[in-house]
Amino acid sequence: MKNPLIGLLASLTLIPLLTGCPSTPTQPDDGLTGAELDAMGRGARTSGIDDRRGSPLDDPSSPLYQRVIYFGYDATAIDPKYADLLRAHADYLARTSDAALVLEGHTDERGTREYNLALGERRADAVRSFLVTEGVSPRKIRTLSYGEERPAEIGSSERAYSLSRRVELVY
């Protein structure tokens, strides 16, 4: 090299690269021992996870597991076949002090966006009125409408349309 300063800088740059990172760890990482994990577990609480275990909302054999109400074309009337299901939800909401519900109204893609937003809202309001009539505090229920924005099934078949005309009960 003609310039000794450049050679010195190049050497200083290469030294850390050649010696800086060992290819194997200097100390083996065996993780925590069982005793250490046990010690960490004492006193720790996973609030919310254990509280929900055993909830009828998560039990497939419970009527509360079903949380979708379907509607006919351009309809807001609740089919009588859903009355027992909604009464079960009303009873759960009335008995469970910290339970709250969001009713999400949906439609199929037929109609204008504005019309479908209003129709989804009317469907959610119909379910809300039913639950309030059954004794649920109105403060526990919130409604919103997605209109046609979140179809249950993509497509333009009658099956896709009928699955999209719904209110979802979201806890």
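Leu-103 stands opposite Thr-143 in β3. This is a predicted model. Leu-103 is also among the residues with the most contacts inside the largest nonpolar core.

**Sheet**
- Four strands form an open, mixed sheet, in the order β1-β4-β2-β3.
- β1 (68–70) and β3 (141–147) are the edge strands, and each pairs on one side only.
- On average, neighbouring strands of this sheet are turned by 20 degrees against each other, direction ignored.
- Strands of a sheet pair through backbone hydrogen bonds, in either a parallel or an antiparallel sense.
- β2 and β3 run parallel and are joined by six bridges.
- β2 (residues 101–106) pairs with β4 (residues 166–170) in the antiparallel sense, over five bridges.
- Within β4, Arg-166 is the bridge partner of His-106.

**Helices on the sheet**
- Helix α4 (residues 83–95) lies across β1, β2 and β4. The helix α4 runs at about 145 degrees to β1.
- Helix α5 (residues 113–133) packs on the sheet and touches β2, β3 and β4. The direction of α5 makes about 155 degrees with that of β3.
- Together, β2, α5 and β3 make a β-α-β unit, and the unit is right-handed.

**Nonpolar core**
- The largest nonpolar core has 23 residues.
- Those with the most contacts inside this core are Ile-69, Leu-86, Leu-103, Val-127 and Leu-131.
- At least two residues of this core come from each of α4, β2, α5 and β4.
- α4 gives the most, with seven residues.
- Leaving aside residues up to four places away in sequence, Leu-103 touches Ala-124, Val-127, Arg-128 and Leu-131, among others.
- The contacts of Leu-103 also include Ile-141, Arg-142, Thr-143 and Leu-144.
- Val-167, Glu-168 and Leu-169 are among the residues that Leu-103 touches as well.

**Aromatic pair**
- One aromatic pair turns up in a search of the whole structure.
- The ring centres of Tyr-92 and Tyr-171 are 5.6 Å apart, and their planes stand at 85 degrees. Planes over 60 degrees apart count as edge-to-face, so this pair is edge-to-face.
- Tyr-92 lies in helix α4 and Tyr-171 in the segment after β4, so the pair ties together parts 79 residues apart in sequence.
- Tyr-92 has a relative accessible area of 11%. Buried means under 20%, so Tyr-92 is buried.
- Tyr-171 counts as partly exposed, at 28% relative accessibility.

Technical notes: Residues are numbered from 1 along each chain as its sequence is written. This is a predicted model: local features need pLDDT of at least 70, side-chain atom pairs count only at pLDDT 80 or more; totals for chains, interfaces and linings use all residues. Side-chain values use heavy atoms; hydrogens and water are left out. Two strands pair if DSSP finds at least two bridges between them. Axes are lines fitted to C-alpha atoms, for helices over the stretch in contact, and angles run from 0 to 180 degrees between N-to-C directions. Contact means heavy atoms within 4.5 Å. A crossover is right-handed if, with the strands pointing away from the viewer, the path from the first strand over the helix to the second runs clockwise. A nonpolar core is a set of buried Ala, Val, Leu, Ile, Met, Phe, Trp, Tyr and Cys residues joined through side-chain atoms within 4.5 Å. Buried means under 20% relative accessible area, exposed over 50%, partly exposed in between (1.4 Å probe, protein chains only). Rings of Phe, Tyr and Trp (its six-membered ring) pair if their centres lie within 6.5 Å; planes under 30 degrees apart count as stacked, over 60 as edge-to-face and the rest as tilted.
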